[in-house]
Amino acid sequence: VSSEYDAKEQTYTLNFSQYCRPTAECKDKQPHLIPVALGLLGDAGALPISIRGVAPNPDTDDNTKTVLEITDAKQSVVFENLREEPVPSLLRGFSAPVKWQYNYSRDDLMRLMANDDDGFNRWDAAQKLASQVIQEVMAAMVNEPAPKVDERLIEAYRTILSDESLDPAMVALMLNLPSEAYLAEQETVVDVDSIHHARNRVERKISQALHTELLSTYQRLHQVREFSIAPDEIARRILKNTALSYLMVGAKSDAVALCREQFNTATNMSDELQAFTSIVHSGKSGLDEVKTECIAQFFDKWQAESLVMNSWFAVQASAPLPGVIEKVKGLSEHPAF
């Protein structure tokens with residue numbers, strides 16, 4: 001997908017081209033019918049949609065959303081009466097199972113993260129922005145050990161952390177950086193060390209720059225109370241534990257204290273396991289004694305529950321720290337294993 005904006009005519013054109021590779025049963029693939037659910041975002045939010053040659057639908061309650069039917073190998077759609085160049089929110093809700101490309105700028109992605117009312121695209125924009133920033137850090141690390149991290153990612157995260165009207169579970173998903181496995185899929189030649197160190201650098205920068213916001217989010221959501229599986233309670237725990245995980249990346253003394261308190265007072269496995277994982281996976285020096293105590297405490301409490309003990313082993317074996325291979329070998333000799 002590509003786009004063109006004509007400020008004089010106040011028109012915006014989206015150009016679509018589609019391709020499906022030949023398969024064994026069909027060498028000459030014809031164009032598919034691809035439903036593209038979309039909206040157009042301006043500085044202040046969703047813009048009204050007026051498509052050239054298409055009469056308005058009086059039965060539509062909201063003229064800021066539409067679904068285009070892309071049926072040709074190449075097809076263009078012209079939107080009229082737009083006083084500003086919009087950012088397209090494409091394939092909302094994953095409206096078609098296709099791989100697609102659009103050359104979003106980082107400012108475009110920030111606008112989608114801040115203003116899009118489609119949860120899927122809001123999350124997708126966060127993943128795209130974070131991926132671009134991590135890839136930029138990867139490239140810069142060839143020549144400098146501590147390259148800068150684009151502040152726009154920090155500000156985008158700050159904005160969604162500060163908006164208490166958002167669904168906490170969605171905020172948590174948007175804050176999760178792309179995994180190392182996903183980042184590897186984007187590379188022609190996979191440099192494992194480069195991906196790992198670049199992602200860690202971005203994660204540490206977020207933890208440091210947003211310590212106040214992360215701490216405030218955690219304190220707002222953390223309450224020791226009876227366990228509940230209500231959706232709003234699940235969402236609250238997810239975001240709270242995401243904030244705790246980020247705080248522990250920085251591993252300031254207040255974060256370690258919060259983590260230890262949650263580990264000791266948790267009324268559910270989600271909270272207890274997150275606190276345990278954050279402590280065991282922390283690379284902060286001087287925590288060896290705390291880690292040893294928590295590992296022993298968790299074992300003593302749950303040694304009779306084999307499923308929980310699976311997690312006890314997995315957390316230690318997956319710690320992204322030096323010496324983990326020796327740790328795994330030692331755990332394989334443990335009687336519980």
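How far away is the nearest side chain of opposite charge to lysine 291? That side chain belongs to aspartate 288 and is 5.0 Å away, with Lys and Arg counted as positive, Asp and Glu as negative, and His and the chain ends not counted. This is a predicted model, in which local features need pLDDT of at least 70 and side-chain atom pairs count only at pLDDT 80 or more, while totals for chains, interfaces and linings use all residues. Residues are numbered from 1 along each chain as its sequence is written, and side-chain values use heavy atoms, leaving out hydrogens and water.

**The whole chain**
- The C-alpha trace spans about 70 × 45 × 40 Å along its principal axes.

**Lysine 291**
- Lysine 291 sits in helix H11, which covers residues 288-302.
- Lysine 291 is buried and has no salt bridge, a term for a side-chain nitrogen of Lys or Arg within 4 Å of a carboxyl oxygen of Asp or Glu.
- The side chain of lysine 291 does reach the backbone oxygen of serine 282, at 2.6 Å.
- Leaving aside residues up to four places away in sequence, lysine 291 touches Ile279, Val280, Ser282 and Leu321; contact means heavy atoms within 4.5 Å.

**An open sheet**
- The order E1-E2-E6 describes an open sheet of 3 strands with antiparallel pairing; two strands pair if DSSP finds at least two bridges between them.
- Strands E1 (2-6) and E6 (74-79) are at the edges with a single partner strand each, so one side of each has no neighbour in the sheet.
- Strand E2 (residues 11-17) is joined to E6 by 6 bridges, and asparagine 15 has serine 76 as its bridge partner in E6.

**Strand E3 and its partners**
- In strand E3 (residues 34-42), 8 of the 9 residues are buried.
- E3 pairs with strand E5 (residues 66-70) over 5 bridges, in the antiparallel sense; alanine 37 has valine 67 as its partner in E5.
- Strand E7 (residues 87-89) is joined to E3 by 3 antiparallel bridges, and leucine 41 stands opposite valine 87 there.
- A hairpin through 2 residues leads from E3 to E4, where leucine 41 has alanine 46 as its bridge partner.

Methods
Helices (H or I, at least four residues) and strands (E, at least two) are DSSP runs, numbered from the N terminus. Buried means under 20% relative accessible area, exposed over 50%, partly exposed in between (1.4 Å probe, protein chains only). A polar contact is a pair of N or O atoms within 3.5 Å; within protein, one must be able to donate a hydrogen and the other to accept it, and residues adjacent in sequence count only if both atoms are side-chain atoms.
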